[in-house]
Amino acid sequence: MARRPEVYSIDDLEEHALKVLPKMVRDYFNGGALDSYALRANRAAYQRYHIRPRVLRNVESLSTQTKMFLDGNTIPFPCAVAPAAMQRMAHADGEDATARACGAYGIVMGLSTYSTSSPDEVKIVADDARQTAGLKGSAELVFQLYVFQDRFVTEKLIRRAEAHGYKAIVLTVDTPQFGRRLTEIRNGFKLPSHLKMANFPDSLAVKTGSELRTNDIEATKRLAVSTSASTANKLDPSLTWEILPWLKSLTKLPIWLKGIMSDEDAKLAVQHGADAIFVSNHGGRQLDQAPPTLDVLPGIVEAVNGALPIHFDGGVRRGTDIFKALCLGADMVWIGRPAIWGIAYNGEYGVTNALKILEDEFRECMALSGCARLKDLGPHLLIEAKHRSSRL
């Protein structure tokens with residue numbers, strides 16, 4: 001086996017992942033919807049802001065520590081690992097590797113509905129890693145939820161997450177149907193046969209929207225009836241804001257809404273009792289002409305006006321990206337693809353490497369902008385660039 005290259009940036013991890021992952025897997029994790037405009041726009045948005053350096057500010061005792069939950073663990077910097085599906089496609093240990101890295105590093109991990117490791121297994125692994133690292137308390141994980149047409153399937157997912165100590169339910173709200181991802185269509189995406197959806201019994205034959213689309217296309221070619229008609233397979237496109245009272249009737253866990261991209265929806269989230277929101281366009285994998293998450297963040301922050309925490313993701317590759325999102329009002333920044341590239345590099349050690357790179361870059365950015373504490377961050381530290389990137 002070829003020696004792994006030295007990595008010094010998230011881009012280095014991505015470059016290695018592009019070389020080692022099979023094409024179908026690489027395209028699944030890296031691809032966007034249609035022309036990937038939103039995917040590229042997420043990255044380009046960060047280049048529209050400069051950071052103002054400040055000098056002689058005494059940053060000797062610089063601290064980036066914060067908390068995700070008021071009564072929870074102290075985490076080293078305001079970054080968490082977002083839920084991503086089917087991580088065993090990228091590494092044999094999959095979500096377990098991510099859980100070990102997050103547990104030992106002391107940061108929060110999100111687990112996907114479509115994970116290839118079970119919620120109980122992932123929680124045990126994360127707790128063990130945290131204890132081995134000498135950190136107090138239990139590892140903090142949140143569970144990402146899709147609502148299926150068969151509501152009993154959804155209810156069982158919530159009960160399972162709650163029973164195993166997950167700290168919040170993250171409801172993805174931007175998927176009345178899955179975005180049209182051409183790379184997955186062209187590859188005829190299917191979960192590799194040696195893997196399975198760990199959150200569901202085999203009898204339900206649950207598949208991601210990507211694989212259901214492959215099945216539908218294959219059935220059309222055969223002039224056959226698709227086998228993906230089960231309501232356990234289908235996300236519920238009829239969801240309205242009334243889903244929040246139903247979820248809150250099932251669990252005491254906080255309900256966070258992932259996929260908020262407008263001021264109007266942010267206000268509605270507050271009105272309907274959401275406990276937090278994610279500013280997210282699903283990594284550019286849903287509506288391809290959606291704006292970059294960084295561009296809509298300030299308006300959403302103003303609309304929410306401190307009523308609930310604002311989580312953020314989308315195109316984060318640098319510690320400076322985290323810094324800019326926090327300056328524009330995000331409370332917590334989540335990474336998706338960098339963690340996948342990390343496990344593709346070397347399992348849990350690759351994820352740890354990704355987190356260390358981002359933390360080091362973020363701390364350096366804090367120091368060079370004259371910020372000793374997170375409370376020092378704000379829009380006053382950013383200058384909107386006069387040029388506009390055309391690389392979309």
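**Basis.** I worked from a predicted model, in which local features need pLDDT of at least 70 and side-chain atom pairs count only at pLDDT 80 or more, while totals for chains, interfaces and linings use all residues. Residues are numbered from 1 along each chain as its sequence is written, and side-chain values use heavy atoms, with hydrogens and water left out.

**Salt bridges.** I counted a salt bridge where a side-chain nitrogen of Lys or Arg lies within 4 Å of a carboxyl oxygen of Asp or Glu. The structure has 20 of them.

I looked up Lys-23 and found it paired with Asp-27, with 2.8 Å between the closest N and O atoms. Both residues sit in helix H2 (residues 23-30), four residues apart, or about one turn of the helix. Helices here are DSSP runs of H or I with at least four residues, strands are runs of E with at least two, and both are numbered from the N terminus. For exposure I took buried as under 20% relative accessible area, exposed as over 50% and partly exposed as in between, with a 1.4 Å probe and protein chains only. Lys-23 is partly exposed at 47%, whereas Asp-27 is buried at 13%.

Next I checked Arg-181, which forms a salt bridge with Glu-184 at 3.9 Å, N to O. Arg-181 is buried at 4% relative accessible area, and Glu-184 is buried at 5%.

Asp-313 and Lys-258 form a salt bridge at 3.5 Å, N to O. This pair links distant parts of the chain, 55 residues apart: Asp-313 is in the loop between strand S10 (310-312) and helix H12 (319-327), and Lys-258 is in strand S8 (residues 255-260). Both Asp-313 and Lys-258 are buried.

I also noted a network of salt bridges that links Arg-88, Asp-96 and Glu-121.

**Spatial pair.** Leu-268 belongs to helix H10 (residues 263-271) and is partly exposed at 25% relative accessible area. Its C-alpha is 9.9 Å from that of Ala-303, at a sequence separation of 35 residues.

**Helix contact.** Which residues of H6 meet H9? With contact taken as heavy atoms within 4.5 Å, I listed Arg-151, Thr-154, Glu-155, Ile-158, Arg-159 and Glu-162 in H6, against Ile-243, Trp-246, Leu-247 and Leu-250 in H9.
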